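Me: I have a model open and want to talk through some packing. Can you take me through it?

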Amino acid sequence: MEKLSILLGKGVQAASRLRGNGGSALPGLVVERTNPKFIRKILEKLPYGVVVISGTNGKTTTTKIVSELLTKQGLKVFTNETGSNFVRGVISAIIKNISLTGKFDYDIAVLELDEAHAVKFSEVAPITNSLLLNVQRDQLDRFGEIDHTAELLQKISTATENFTVLNREDPRVSKIKAKHPIYFGLSSTLLKQFPSDDNLLTKTVTQTENLPACVTLEKLKDQTATYKVNNKSCSVELALKGSYNAYNAAGALTLCHCVLPDVEPEHFVADLAEIQSAFGRGEVFNINGVDVELLLVKNPSAFQLSLANFVDDKHDYMIAINDNIADGRDVSWLWNVDFKDLPKVEIASGIRATDMALRLKYDGVACEKIQEDLSEALKIFVSTSKKPKRIFTTYTAMLELRKLISGKSLF
Amino acid sequence: MSLTILHLYPKEMNLYGDHGNVLALKKRCEWRKIRTKVIEYEPGDPLPKDFDIIFGGGGQDSGQSKIEQDLLRIAPEMKARIEDGTPALLICGLYQLFGKYFETAEGKRINGANILPLATVAGPKRLIGNIKISTSSFGDVVGYENHSGLTKISKNANAFGTVVTGAGNNGEDLTEGIFYKNCIGTYLHGPILPKNPRVADFLITKALERKTGKKYTLDRLNDRIELRAHNVAATRPR
């Protein structure tokens with residue numbers, strides 16, 4: 001039965017490739033429909049099982065960290081590509097990487113799944129360990145309310161066979177029940193740098209009850225992060241940018257420790273040094289001699305943290321806001337972000353450029369231009385000055401900007 | 001001149017950027033040299049005596065349950081003020097709770113403040129998406145709705161507007177919100193005031209008129225960006 005599905009899936013894959021549709025989820029859809037047990041049959045054979053990473057912010061980078069840390073230890077890691085985090089996307093990725101004879105040559109699957117898809121995944125496939133990062137306001141038009149999102153994470157935890165790695169400092173995550181809960185956290189001095197959703201507007205800090213943490217981010221100065229692992233402090237110079245990535249790395253370290261308990265955690269910490277940011281998350285491009293950095297912002301907490309980390313007077317700023325389905329149709333979240341620290345914005349762009357400009361007006365931040373068209377905006381932006389540039393961008397605007405930049409279709 | 005805005009339950013009822021409405025009121029006053037003060041009122045606080053505009057936003061179910069009791073406590077004073085013509089803007093959750101009751105999916109009735117002639121019953125699915133309504137006082141008004149409650153306003157009451165695209169009060173009778181004395185209740189997030197500045201200016205004008213006892217015409221502002229954002233929102237798909 002499985003071999004038949006592989007043949008069928010690969011056939012569909014070849015056919016859709018011929019039609020120029022390489023990254024299609026169609027093979028996954030066909031196999032999902034014809035053999036619903038396929039995904040479980042394949043994944044349950046993996047010797048180190050399946051790891052699921054979910055939460056509102058930081059999934060992509062954290063998945064990349066976990067995959068690379070485990071790869072460095074010699075494991076062969078299967079992971080899903082960004083944007084294919086439906087069950088059928090995972091199946092498509094399996095079809096692509098499995099041999100015709102049914103050999104799926106991997107040690108472990110490390111999967112990034114958003115909250116709703118992770119619950120669907122847990123109904124058809126095993127979850128050995130999970131890492132739940134945070135619950136923040138994101139795409140409320142899809143999930144309804146953040147308490148509902150927390151319930152989805154609870155379901156993921158309930159479906160997890162071994163360890164559930166939980167963010168101790170997010171009150172909606174730390175109270176999640178698990179067979180084997182294990183926490184990552186912050187030192188009390190760092191706590192105020194990382195507002196949870198409830199604290200975003202009021203800027204107060206609520207210390208979660210004192211649960212013991214497996215890994216704590218103790219100190220963060222510039223790019224030097226100090227993690228406390230089993231009462232031992234280890235420092236590392238991170239290539240990853242952004243304090244939230246340094247914190248999510250604590251979750252990644254905890255998860256790696258659960259998967260490979262015999263490896264000294266110091267090894268994992270040392271290996272963190274080489275890991276780079278993920279696609280569109282702090283990537284730097286050079287356009288005509290000017291550095292342009294893309295910073296993905298999907299929701300108010302990510303945007304606020306990005307502003308706290310990436311605003312100075314050495315850069316010029318552009319903000320690109322789209323409201324396509326993948327960005328969330330509702331742009332009211334922009335009003336839950338405080339923009340007052342921005343010196344000024346050179347250009348607002350994307351479908352909702354004017355909403356952004358309006359938001360800046362009410363925070364007293366100058367916005368020099370409004371240009372909905374991303375290609376036009378980018379042209380204007382890179383020619384304003386020789387200063388390095390930063391673009392805060394929503395998801396679909398980021399994809400378009402990346403295409404414009406890497407395709408050089410711009411000039 | 002100075003106006004005081006009473007912001008009800010900002011901690012529990014602040015979903016979907018609703019506090020942007022308070023910012024819009026503040027800025028539009030400041031730009032006209034009218035000073036403002038915002039009082040953030042939380043459950044258990046003493047209710048201030050002097051305020052000129054009432055604002056309340058939407059919240060999650062858990063947030064609403066935290067403020068219900070307190071709202072009943074301050075209901076008599078709120079009722080007196082709204083009957084007396086104090087301008088007010090109530091969005092989503094507090095719009096519902098200023099009505100007679102909210103009936104949950106399980107049939108449990110949560111008492112509202114019983115100030116506005118309306119009642120709400122939990123519906124089978126959330127009504128979510130961009131919405132445009134047409135109003136007699138403010139022209140077209142745009143926003144974003146996200147609610148599962150279905151609200152019926154009383155036969156004699158005036159709706160805030162008529163649905164052009166979207167669901168509105170209940171997805172059936174084409175009414176959206178309520179316009180009662182100088183109180184506007186609505187499901188429109190967005191937030192509503194920045195992109196619909198005429199609604200903001202109405203609240204400010206009424207507050208000034210009540211305070212000074214004479215007719216008031218606000219200085220005109222340059223609303224070019226406001227109106228452009230309004231027009232973009234009006235063309236977006238549901």
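Reply: Start in chain B. B:Ala24, B:Leu25, B:Arg28 and B:Cys29 in H1(B) meet B:Pro197, B:Ala200, B:Asp201, B:Leu203 and B:Ile204 in H5(B). Meeting means C-beta atoms, placed from the backbone, within 7 Å. Helices are DSSP runs (H or I, at least four residues), numbered from the N terminus. The model is predicted: local features need pLDDT of at least 70, side-chain atom pairs count only at pLDDT 80 or more, and totals for chains, interfaces and linings use all residues. Residues are numbered from 1 along each chain as its sequence is written, with chains lettered from A and ligands numbered from 1 in the order in which they are written.

Me: What angle do H1 and H5 of chain B pack at?
Reply: About 70°, with the axes 10 Å apart. So H1(B) is roughly perpendicular to H5(B) (65 to 115 degrees). Axes are lines fitted to C-alpha atoms over the stretch in contact, and angles run from 0 to 180 degrees between N-to-C directions.

Me: New topic. How many residues does each chain give to the contact?
Reply: Chain A gives 23 and chain B gives 28.

Me: Which element gives the largest share on the chain A side?
Reply: H14(A), with six residues. That side divides into nine nonpolar, five polar and nine charged.

Notes
Two residues are in contact if their C-beta atoms, placed from the backbone, lie within 7 Å. Helices (H or I, at least four residues) and strands (E, at least two) are DSSP runs, numbered from the N terminus. Ala, Val, Leu, Ile, Met, Phe, Trp, Tyr, Cys and Pro count as nonpolar, Asp, Glu, Lys and Arg as charged, and the others, Gly among them, as polar. Angles under 35 degrees count as roughly parallel, over 145 as roughly antiparallel, 65 to 115 as roughly perpendicular and the rest as oblique.
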